[in-house]
Every structure is written in structure tokens, then in C-alpha cells.
Amino acid sequence: MEIIRVKNAEEGGKKAFEIIKKGMENGAKVLGLATGSTPITLYKEMTSSDLDFSDMTSVNLDEYVGLGGSDDQSYRHFMNSQLFDKKPFKESYVPDGKAADLEAACQEYDEILEQYPIDIQILGIGQNGHIGFNEPGAPFDGTTSVVDLTESTINANKRFFEKAEDVPTKAVSMGIGSILKGKEIVLLAYGENKADAIKGMIQGPMTTDLPASALQEHDNVIVIIDDAAGSKL
Ligand code: GLP
């Protein structure tokens, strides 16, 4: 893993943007995108740039079960407002958290991933080391599935909801196996509350107890962190 230290999220967003820009110059056509507060500065760089994404495809990592695009807290809504409304892509896939048949929707998502292999995968990381919504215990060869969110994730994400009870307890998430297929992976982390997860991911054993440690077996991973997130390395 290549580790890039940055001063703050603004500088991290700029670095990640440079990687995407260079990737596109070299022919990247499919971006794997993430939600959460971490990639917001990257999306700001993208929306304020003069780069054209109208020939690109994006595939997002995950979505809450039960939330659709018209829900303010859905990841589809987040992506539209942070990025796609301002910079439209040719196609932008986000799992359908309101599908009547979620299992079938997971299979369809895997077919989309087969059709559009990800050139550059952007990732954040959960405090418990999750990537996408692959919580501790998720298999390293997993494909898209419906997952139960852990207490730690529900607690971390309740800040985005009015009441803790409003946080969905399930999500549809790309699996770790699908994430590892990305040709290049860029993981972003800022702040002290990510320090343990970052240490485990880079220096700990490869274990399903810390999902992001699966990235150790990938040969093209760039980790962009600020000093606080890297403070335990
Ligand atoms: C969510 C998302 C992850 C994200 C993580 C960290 O649970 N499913 O993809 O990386 O939270 O979020 P944040 O960037 O807000 O710390």
C-alpha cells in the first residue's frame, strides 16, 4: 500500500482528485464511488473542476435498505446532491434499497459490476474497519448482498438522522470480493476516530475481524490519511 499523508480533508480531496484525473487521462472509464462525510471534499474538487464525466460510468458501494432516492438520508440522494446533479455521468449506479426483491437486486448489481469493471475504486473506512457496508466477519470473497449493520455503524451514522431509531439496520452492499476487483483502490480517512481502523488495516493481520485488512492482498492501493488518522501507525 502506498500511504500519502495530508494536512486535512481538503488536501486529501485534492490528492484523490489528481489520481482520478490522471486515471481518466490514461483511459479509466468506470469509477467506484463511496458515501459518508469522507469523500465530500473529493466530490467538491470534482464538481468545481472542468473535467467532463459524461462519458464515465459510476458504481456506488452501498445503499440503506428501505430508503429510495427521494429520502434525504439515502445514499442515492447523497450522490445526486454532492456530485451527479452538478456533474452528470453517462450512467450512475447505486444499489436499490427499495427493491421488492432484494436478493434479485443484489444479483443484478453483480451483473452491472461484471459489465463495468471498476478502474478506480474510492473508499472510506468505518471506525470498525468496514468498507462499503462490509462489517466485521464479512467474507473476503463476498459479492453484493443484504447485510445487517452493527451497533457501532448505526451509532456512527446516527448523526445524519433525526433520531437514532431512524437509522436503517440493514443495507445492500457490494462485497469485499467485488471491491478487490477494482484495478486501483484509493482509501481516504481523516480524524482520530479512524486511527485504530487504519492501524489494523495496514499493520494488523489480514482478518475478517477488520474488513479493510483485505486490501493488504491488493497490489494497487493508495491510502490518503491526515495525521490524526495515521497517529497510531
Ligand atoms: C458508511 C459507509 C462507508 C463509509 C463509512 C465512513 O457506513 N457505508 O462507505 O466509508 O460509513 O463514513 P464517514 O466517511 O462519514 O466517516
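Modeller: Strands here are DSSP runs of E with at least two residues, helices are runs of H or I with at least four, and both are numbered from the N terminus; two strands pair if DSSP finds at least two bridges between them. The model is predicted, with pLDDT of at least 70 required for local features and 80 or more for side-chain atom pairs, while totals for chains, interfaces and linings use all residues. Residues are numbered from 1 along each chain as its sequence is written, and side-chain values use heavy atoms, without hydrogens or water.

The sheet is open and has 7 strands, ordered S1-S10-S9-S6-S2-S3-S5, with parallel pairing. At its edges are S1 (2–6) and S5 (91–93), each of which pairs on one side only. From one strand to the next, the twist averages 15 degrees.

Turning to the helices, H2 (residues 40–48) and H3 (residues 75–84) have axes that come within 9 Å and cross at roughly 45 degrees. H2 is therefore oblique to H3, as angles under 35 degrees count as roughly parallel, over 145 as roughly antiparallel and 65 to 115 as roughly perpendicular. Axes are lines fitted to C-alpha atoms over the stretch in contact, with angles from 0 to 180 degrees between N-to-C directions. On the H2 side, Ile-40, Tyr-43, Met-46 and Thr-47 meet Phe-78, Met-79, Gln-82 and Leu-83 of H3 (contact: heavy atoms within 4.5 Å). This contact has 6 nonpolar, 2 polar and no charged residues (nonpolar: Ala, Val, Leu, Ile, Met, Phe, Trp, Tyr, Cys, Pro; charged: Asp, Glu, Lys, Arg; polar: the others, including Gly).

Next come the pockets (open sets of 1 Å grid points where a 1.4 Å probe fits, with protein on both sides within 12 Å along at least five of seven lines; lining residues have an atom within 4 Å of a point). The largest pocket holds about 400 Å³ (the space filled by probe spheres set on the points). It has 23 lining residues, and Thr-35, Gly-36, Ile-125, His-130 and Lys-194 are the closest to its centre. Helix H5 (residues 151–157) supplies the largest share of this lining, 3 residues. By class, the lining of the largest pocket has 8 nonpolar, 12 polar and 3 charged residues.

The second largest pocket holds about 200 Å³. Its lining consists of Asp-110, Leu-113, Glu-114, Pro-117, Ile-118, Thr-143, Gly-177, Ser-178, Lys-181 and Gly-182. Helices H4 (102–115) and H6 (176–180) are the elements that give two or more residues to this lining.
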